[in-house]
Amino acid sequence: MIHSLFLINSSGDIFLEKHWKSVVSRSVCDYFFEAQERATEAENVPPVIPTPHHYLLSVYRHKIFFVAVIQTEVPPLFVIEFLHRVVDTFQDYFGVCSEPVIKDNVVVVYEVLEEMLDNGFPLATESNILKELIKPPTILRTVVNTITGSTNVGDQLPTGQLSVVPWRRTGVKYTNNEAYFDVIEEIDAIIDKSGSTITAEIQGVIDACVKLTGMPDLTLSFMNPRLLDDVSFHPCVRFKRWESERILSFIPPDGNFRLLSYHVSAQNLVAIPVYVKHNISFRDSSSLGRFEITVGPKQTMGKTIEGVTVLSQMPRGVLNMSLIPSQGTHTFDPVTKMLSWDVGKINPQKLPSLKGTMSLQAGASKPDENPTINLQFKIQQLAISGLKVNRLDMYGEKYKPFKGIKYMTKAGKFQVRT
Amino acid sequence: MPYLGSEDVVKELKKALCNPHVQADRLRYRNAIQRVIRHMTQGLDMSGVFMEIVKASATVDIVQKKLVYLYMCTYAPLKPDLALLAINTLCKDCSDPNPMVRGLALRSMCSLRMPGVQEYIQQPILNGLRDKASYVRRVAVLGCAKMYNLHGDSEVDGALVHELYSLLRDQDPIVVVNCLRSLEEILKHEGGVVINKPIAHHLLNRMSKLDQWGQAEVLTFLLRYQPRSEEELFDILNLLDSFLKSSSPGVVIGATKLFLILAKKFPHVQTDVLMRVKGPLLAACSSESRELCFVALCHVRQILHSLPGHFSSHYKKFFCSYWEPHYIKLQKVEVLCELVNDENVQQVLEELRGYCTDVSVDFAQAAIFAIVVVQTFRDLVWLCPQCTEAVCQALPGCEENIQDSEGKQALIWLLGVHGDRISNAPYVLEDFVENVKSETFPAVKMELLTALLRLFLSRPAECQDMLGRLLYYCIEEEKDMAVRDRGLFYYRLLLLGIDEVKRILCSPKSDPSLGLLEDQPERPVNSWASDFNTLAPVYGKARWATIFKHQGTEHCGPKLPHTASLATSGHLISEENKERVQELQDSEALMLVPSCQLTAEYFEKTWLSLEVAHQQVLPWQGEVHPDTLQMALQVVNIQTIAMSRVGAQPWKAYLGAQDGAGCLFLTELLLEPENSKLQISVKQSEKRTEILSSFISVLETVIGTIGDMKS
């Protein structure tokens, strides 16, 4: 299925290659480089590139292209998902996934890839199982290994491989039994000039960190499960029970996992927690333009909006900007024409604003395009859709676990047109 | 660092590996091996230390073993004689008490890829298939496929195949999936693994125990199974239901495809399934992963071919967000074009209009994007006349961003056809006329000629002067024959008087027969169900492929702009043929190279050396007008090599064309007027039947059209 994998950095160097069947010559990447050159920006390299004898499927993450070489017709989503899993695994193993880190840990990388695929087919991809096969490098372990000469490889077979529940290993033991659930919602929205919403949707996930002894069987119920019309589950969730009772019933994997992800897209259900007031004008006659934006809260259910940043790509005609923020710091890069303003918290009594002038190219006609504003923010302890967990119960084990639920709302692709 | 001084590095490492002090110190020894591996991964040739590494394989240190095996799998094909020395250690490891060592050794041994290894691996694989550790069984099962690939042409071992089939009942889910994968490779000459009723139901029942990769693959294997009865079919569909809600988009799409294929006789079930995956698909379209997004969008477009209204209420989901990569924006614009209906046309156009002036530092990107938008405008005007007004308002201001020939053609076409409603149309066209000398694409010039002549009909005062200049240029100075012919054609047409021009040029401005997109002929789901969840929807029609192609092959093949220019220049190709040509380009990848210059001698030589690949007879009335035929063929990039003079009996013509892959198509047309038949014989330099048939249908279309024109 996956013949070979090449790791390529943004300047077009292959810094790692792995072949699961016969060796495919590096020259196959020339087609990729061609596409890379044409794309001008790394993000724009198309993810599927046909070549005379192969297909190159790639994902671009952490400034690295993970390019899979395929020889036969395959389901493209399968390969792309797998490549993402490879990246996730590296990130999980090394904390960050970057070219230097991969180069430093090249031996572990090879071992991991060897276990993840055999003959081009995915084998062990669950991170908790992989970590038992190949222990991740830690600073402490590196030191200990150097002293004692012990190894990075587990001597024991992962017990999970023999368990009847494929995602959970047997014989799990903890002194403190705890189960934490994070409800995280991201708002994707496009707001038009006048402030009305063009599109808005919430992408939510429930991430869990479960450290429970034995084989616990959990149920999680919601106050308002009707909100969740479009849900996808971790394989551990019993689908039929959800269909009939709207209750999540599952034997959890050990450690961190994504329990479910959901979408709320009915527009009346998506509250927009911030607004942006803007006044951006390029005057025809003079070479000065006016720029003013204010950010304020709206439908936040009394919670504070924090971590606000504003990013905007200014038109080519803007030479420079002289702006004064009422709070936070701002920068304008005259080369890339990128304005960024790190706002911080929004105080509803004193709304943050950024005001000033833009100097425009003299003589040029006024830009007919207006910049788009990209917004980032966070709201703690709030799931903007209103989703609430009702209760969490455990069966199958006798001890009393510690349970915790956290809520958080973030901006996803949140953009305001001006 | 790679490639430089590899000899020194090898020498130094060799020394280190041979040093008995290093060998005695486990850590230093392993470090030296690690350095070898590190260099190897960077592409340095490390085969020089093979002997030393083989020696290092006899160790109890499992990391060292792993490294050594990794090395051997890479270099064994280069040094088969030395690698045989290591086999002994590997065989011994295959019966190690630690299952991990057993698995590791077996996997490495099967991956050695060198001749002669088969006889050594056969027994360990057979033992591995019965190993009590599932880890070893997984390796052994895939090892069977590797062993078979090493044999190459040898016969399939019936006993082994039987054993693998029985392992489908293994309790370990990955062993089960590996058996399928392995059997598929071993039996590929017999059509792959056979999925009969017991196997199919066994797999269906095990589905929930598999990981997402296993599920996705089993779903693909199950496509081969034909349920015996309706009852069984619906039982299967019930079992599959929950996979439509999987968290993995790959599994969702895989399950959808299986539903579509199994229920091919039940259109309402198909529609129902597509309804139910709407949510997951839309979710994938706004996924965090750009690549998933892209593939999902491609599948959305595929579904739209059959259910045009399917996503219409969600059209806003396909509005481009500013920071999205280029290929996603292009897909979204195309989806939008297909989603338009009476209710949302205003909003969609307003949105598209904004894209034309998208702020972007990368000018090229903005330009390409604008081109696609303008092409979308053109298609919209063609398909739904109601939005003409809005498009006309959106057009001014676009021209600055458009650099590419296809975008220019689309813009010029719009200006020509609807110039009466766009106030600055003559001025924009005038710019093009001024710069016609530096225009490199003949297709743009032809489009310009047609558009200006059209605009002349509605706004004569503003256009007369520049039309004269353009015609003069095209007839007197232009070197491209097709452009010159087109110029001459229009010039002579004008001599016939304005009414004649109107009759020829004022073809319908849109295609009312297509009407709104809702009435568009829907392709049955079954026509694309087998392409679903393959690469076909991704690269088959993807616009980026045409945009990112080389300058040299800029306008190859019968693509949309060509057909549009044909359709606009009157009756050359009638509307239903436009459809046919479009269908053609969708279904296969025939790309004729425009600049194929065959000499008559070369043609003759090749013609005589080849067999006739295809022969057919078409009805034909009356005589042939060589100019018309030549021009029409030129448009689809078929070159006329030689032709009898008008009225000769029998009349003959020889045509040549070449596709992007270099395959030549040589054609003879033979007309015998007495029995009103035109005989076509085609010879092909490479035997590629599907391309041949598409070439023939292009030819048929052209000839059919010219025939229609005359009658």
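1. In chain B, helix H18 (residues 290–306) has 17 residues, which at 1.5 Å a residue should span 24 Å, and its end C-alpha atoms are 25 Å apart, which agrees; the expected span is 1.5 Å times one less than the number of residues. Helices (H or I, at least four residues) and strands (E, at least two) are DSSP runs numbered from the N terminus. Because 16 of its 17 residues are buried, H18(B) is largely enclosed by the rest of the structure, where buried means under 20% relative accessible area, exposed over 50% and partly exposed in between (1.4 Å probe, protein chains only).

2. On conventions, this is a predicted model, in which local features need pLDDT of at least 70 and side-chain atom pairs count only at pLDDT 80 or more, while totals for chains, interfaces and linings use all residues. Residues are numbered from 1 along each chain as its sequence is written, chains are lettered from A and ligands numbered from 1 in the order in which they are written, and side-chain values use heavy atoms, with hydrogens and water left out.

3. The same check can be applied to helix H5 (residues 62–75) of chain B, whose 14 residues should span 20 Å and whose end C-alpha atoms are 20 Å apart, which agrees. Here 13 of the 14 residues are buried, so H5(B) is largely enclosed by the rest of the structure. For chain B as a whole there are 35 helices and 5 strands, and 60% of its 711 residues count as buried.

4. At the interface, 105 residues of chain A are in contact with 89 residues of chain B, contact meaning heavy atoms within 4.5 Å. The area buried between the two chains is about 8300 Å², of which carbon and sulfur atoms give 58%; buried area is the accessible area (1.4 Å probe) that two parts lose on being put together, summed over both. In chain A, the residues that lose the most area to chain B are A:Leu77, A:Glu81 and A:Leu123, together 8% of what that side buries.

5. Across this interface the rule finds 7 salt bridges, each a side-chain nitrogen of Lys or Arg within 4 Å of a carboxyl oxygen of Asp or Glu. B:Arg107 meets A:Glu114 at 3.9 Å, N to O, and A:Glu115 at 3.1 Å, N to O. Because B:Arg107 lies in helix H7 (residues 99–110) of chain B and A:Glu115 in helix H4 (residues 106–116) of chain A, the latter pair joins two chains, and both B:Arg107 and A:Glu115 are buried. A network of salt bridges links A:Lys18, A:Glu114, A:Glu115 and B:Arg107.

6. Another salt bridge joins the side chains of B:Lys146 and A:Asp118 (2.8 Å, N to O), crossing between chains from helix H9 (residues 134–151) of chain B to strand S6 of chain A. B:Lys146 counts as buried at 7% relative accessibility, and A:Asp118 is buried at 3%.

7. Two backbone positions in chain A deserve a look. A:Asn119, in the loop between strand S6 (117–118) and strand S7 (121–122), has a positive phi of about 55° although it is not a glycine, and is buried with a relative accessible area of 3%. A:Gln299, in the loop between strand S15 (288–297) and strand S16 (305–313), has a positive phi of about 45° and is partly exposed at 46%.
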